[in-house]
Amino acid sequence: PIREGVPDRLVGRHENEVRWAGLPHLDRLWTRDASTGELRLWNLAASTPEPLRVLNRPTGLEEGSAFSPPDPSGRWISSVVQEARLWDLEAWSEAQPVTLRRSGSWFAAQSTIHPSGDWLVVSTHGYNHLTFWPLRGSWPTIVDGYSIWIRPLEFSPDGRWLATNWPDNTIRLWPLPGSGVTEARSLPLPPNAGHLLRDLIFDPQGRFLLVVSYFDRSFIVPLDGSPVRELDSLSNNNLSGGAVSPSGRRVAMAFRAGPEGAGDKTLRVWDLETDELRLFDLPEGSSSNPRRERGVWDLAFAGESTLYTSGDGGVRRWNLESGTHELVLPTQPGSDQTWAAFAPDARTAFVLEPLPEGESLGPARILDLESGNVQTLSTFASSSLRSPVLW
């Protein structure tokens with residue numbers, strides 16, 4: 001409280017004019033930078049003028065818009081103008097606000113959030129109603145701007161990150177709940193590399209991403225921001241997805257499709273420690289489409305020297321030491337490709353096969369990769385399936 005005779009005290013400074021201040025607690029002060037919209041939380045009892053917390057202007061909060069200071073729980077910022085909008089301070093800073101609507105008049109509506117952060121209450125209908133929204137629980141996180149034509153997604157093995165490409169030619173790492181982080185990280189790619197990516201594969205040891213483009217470009221992108229390594233390009237063919245061995249030492253990818261008569265129809269395996277590149281010719285299959293003849297759709301390591309592939313001819317098991325391979329599941333008659341989603345331990349796979357009549361798919365099946373046993377999923381046995389389902 002202000003007392004006569006007590007001198008003013010500097011709480012802290014902004015680089016620009018302070019346009020707004022709010023007191024969620026008697027010993028806390030929120031301020032807003034007039035130029036950048038940045039929010040800062042100050043401890044009024046602290047002896048040094050350093051903010052407790054600094055927040056960028058919430059996404060979607062227009063310059064000059066009125067809003068309430070963060071609630072006492074420190075989770076929410078709210079704005080009420082013909083609707084209630086809530087910004088979750090525990091979510092990504094790029095996330096759009098949650099919008100809460102209510103029929104009736106919002107003229108001069110006022111709002112407050114319970115100190116626990118569990119309830120929002122707004123006066124609506126010309127001060128005649130109080131509308132309560134429960135805030136406890138999980139809310140969707142929505143980020144706009146993911147406008148690239150092809151949008152691969154990949155969760156890290158430890159569950160801390162979601163990887164995507166992004167329109168600014170970067171790989172964006174989005175932190176997931178429990179990671180202790182709220183800000184996304186951007187990993188730059190070489191020029192013009194990020195718009196036609198087919199696959200993102202995390203190193204199981206958490207050191208890098210294998211990034212595969214459709215047009216025979218692939219990269220090792222370290223998660224610590226170290227320089228990106230581009231792997232050797234052998235042709236202008238489309239590549240399959242990629243795979244990383246359990247130790248992260250080996251990476252693999254293969255020819256997927258290309259113009260009729262294209263060369264380099266190979267499986268490629270890099271040893272990242274020795275820089276050795278090994279090429280294995282892909283075997284003849286059953287495809288009637290010259291562009292996809294001998295093509296591979298999916299890959300997965302099972303150990304350091306065993307690799308599974310699916311594509312023209314069926315599902316194959318490769319011995320990378322000897323360069324030999326064997327069919328685990330041949331493509332069914334009437335189909336020319338096999339698509340597979342491999343389990344993380346590469347012991348089972350979810351298998352679909354496109355049929356030549358129209359764009360339908362054959363029955364969905366579960367394949368035991370070690371024994372070769374197959375189980376048809378009756379719930380998905382209809383040929384009306386249109387695309388592979390990944391798990």
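Modeller: Before we start, one term: strands are DSSP runs of E with at least two residues and helices are runs of H or I with at least four, numbered from the N terminus. This is a predicted model, where local features need pLDDT of at least 70, side-chain atom pairs count only at pLDDT 80 or more, and totals for chains, interfaces and linings use all residues. Residues are numbered from 1 along each chain as its sequence is written, and side-chain values use heavy atoms, with hydrogens and water left out.

Colleague: Thanks! Where does Ser 73 sit?

Modeller: Ser 73 lies in the loop between β4 (53-55) and β5 (76-80).

Colleague: And what does Ser 73 touch, beyond its neighbours within four places in sequence?

Modeller: Its contacts there are Pro 115, Ser 116 and Gly 117, where contact means heavy atoms within 4.5 Å. Pro 115 is 42 residues from Ser 73 in sequence, yet their C-alpha atoms are 5.9 Å apart.

Colleague: How accessible is Ser 73?

Modeller: Ser 73 has 37% relative accessibility, so it counts as partly exposed. Buried means under 20% relative accessible area, exposed over 50%, and partly exposed in between, using a 1.4 Å probe and protein chains only.

Colleague: Let's zoom out. How many helices and strands does the protein have?

Modeller: The protein has zero helices and 30 strands. Of its 391 residues, 46% are buried.

Colleague: Which residues of strand β19 are buried?

Modeller: Seven of the seven, residues 238-244, so β19 is largely enclosed by the rest of the structure.

Colleague: How does β19 pair with β20?

Modeller: They pair in the antiparallel sense over five bridges, with β20 covering residues 250-257. Two strands count as paired if DSSP finds at least two bridges between them. Leu 239 has Phe 255 in β20 as its bridge partner.

Colleague: What about the hairpin of β19 and β20?

Modeller: Five residues lie between the strands, and Gly 248 takes a positive phi near 80°.

Colleague: Switching topic, what is the strand order in the open sheet of four strands?

Modeller: The order is β27-β28-β29-β30, with antiparallel pairing. β27 (339-342) and β30 (374-376) stand at the edges with a single partner strand each, so one side of each is left without a neighbour in the sheet.

Colleague: What joins β27 to β28?

Modeller: Four bridges join β27 to β28 (residues 348-352), and the two run antiparallel. Phe 342 stands opposite Ala 349 in β28.
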